[in-house]
Amino acid sequence: MSDLKRELIVLLPRLRRFARSLTRSVPEADDLVQEACLRAISRADQWDPAQPLDRWMFRVTRNLWISEMRKRTVRLGQGHVPADETPELVTNETGEAIVAATELHRHIDALPEELSTVLLTVSVEGYSYAEAAELLRIPIGTVMSRVHRARKTLAKRMADSAGAST
């Protein structure tokens, strides 16, 4: 159990980024990570130490989020918190870098969830297409297609917003 806890602590920043890509809200992401960690510790016997912990934890986190979204639909009909109502990127940079990063983040948040989750899993977390397919439980071709569509959509939106601001 102590190995699990140690590895879990190291994994927390990545798990939080992944949860943020799902929830699009920092407070909800923190709650989701906490719930995922509690679930993992309480069900430590289900983790195979021969397998990477990150894949198992990302699956646990994703499944918990799906369950939460189903509960909200039934209970309250709530959806995501709008991106402009949550703290955006926290960075020490100034000026153009902050504007560009905020703009990119806004465009990523505007993508449909199935595109943003796959894009962030591959591009930010560094998973291969095969690993992302296994993690998200979708075919590898779907991962490749969604990453391509997400990048193409982002490029077009960034170009359109750059053209509009000049």
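Trainee: What percentage of the chain's 166 residues count as buried?

Mentor: Buried means under 20% relative accessible area, exposed means over 50%, and partly exposed is whatever falls in between (1.4 Å probe, protein chains only). In this chain, 36% of the 166 residues count as buried. Keep in mind that this is a predicted model, where local features need pLDDT of at least 70 and side-chain atom pairs count only at pLDDT 80 or more, while totals for chains, interfaces and linings use all residues. Residues are numbered from 1 along each chain as its sequence is written, and side-chain values use heavy atoms, with hydrogens and water left out.

Trainee: And what does the accessible surface of the chain come to?

Mentor: About 9,700 Å², and carbon and sulfur atoms hold 56% of that. Areas like this come from the Shrake-Rupley method with a 1.4 Å probe; for residues, only the protein chains shown count as cover.

Trainee: How many helices and strands are there in the chain?

Mentor: Both are DSSP runs, numbered from the N terminus: helices are H or I with at least four residues, strands are E with at least two. Here you get seven helices and zero strands. Reading from the N terminus, the order is α-α-α-α-α-α-α.

Trainee: Of the contacts between residues at least 6 apart in sequence, what percentage join residues at least 24 apart?

Mentor: A contact means heavy atoms within 4.5 Å. Among the contacts you describe, 66% join residues at least 24 apart.

Trainee: Is the crossing of H1 and H2 left-handed or right-handed?

Mentor: Left-handed means the near helix is turned anticlockwise from the far one by less than a right angle; clockwise makes it right-handed. The crossing of H1 and H2 is right-handed. Its contact residues include Leu 8, Leu 12 and Leu 15 in H1, and Leu 32, Val 33 and Ile 41 in H2. By class, that contact has 13 nonpolar, one polar and five charged residues. For the classes, Ala, Val, Leu, Ile, Met, Phe, Trp, Tyr, Cys and Pro are nonpolar, Asp, Glu, Lys and Arg are charged, and the others, Gly among them, are polar.

Trainee: How do H1 and H5 pack?

Mentor: H5 covers residues 113-124, and its angle with H1 is about 160°, with the axes 9 Å apart. H1 and H5 are therefore roughly antiparallel, and their crossing is right-handed. Arg 17, Phe 18, Ser 21 and Leu 22 of H1 meet Glu 113, Ser 116, Thr 117, Leu 120, Thr 121 and Val 124 of H5. That contact divides into four nonpolar, four polar and two charged residues.

Trainee: At what angle do H5 and H6 cross?

Mentor: Roughly 135°, with axes that come within 9 Å. H5 and H6 are therefore oblique to each other, with a right-handed crossing. Thr 117, Val 118, Thr 121 and Val 122 in H5 meet Tyr 129, Ala 132, Leu 135 and Leu 136 in H6. This contact has six nonpolar, two polar and no charged residues.

Trainee: Now single residues. Is Ala 133 buried or exposed?

Mentor: Ala 133, in H6 (residues 129-136), is buried at a relative accessible area of 8%. Setting aside neighbours within four places in sequence, Ala 133 is in contact with Ile 138, Pro 139, Ile 140 and Val 143.

Trainee: And where is His 107?

Mentor: His 107 sits in H4 (residues 96-110) and is buried too, at 7%. Not counting residues up to four places away in sequence, His 107 touches Leu 154, Arg 157, Met 158 and Ser 161.

Trainee: What is the phi of Arg 24?

Mentor: Most residues other than glycine have a negative phi. Arg 24 has a positive one, near 60°. Arg 24 lies in the loop between H1 and H2 and counts as buried at 6% relative accessibility. Arg 137 is not a glycine either, and its phi is positive at about 55°. Arg 137 is in the loop between H6 and H7 (140-165), and at 59% relative accessibility it counts as exposed.

How values were computed
Axes are lines fitted to C-alpha atoms, for helices over the stretch in contact, and angles run from 0 to 180 degrees between N-to-C directions. Angles under 35 degrees count as roughly parallel, over 145 as roughly antiparallel, 65 to 115 as roughly perpendicular and the rest as oblique.
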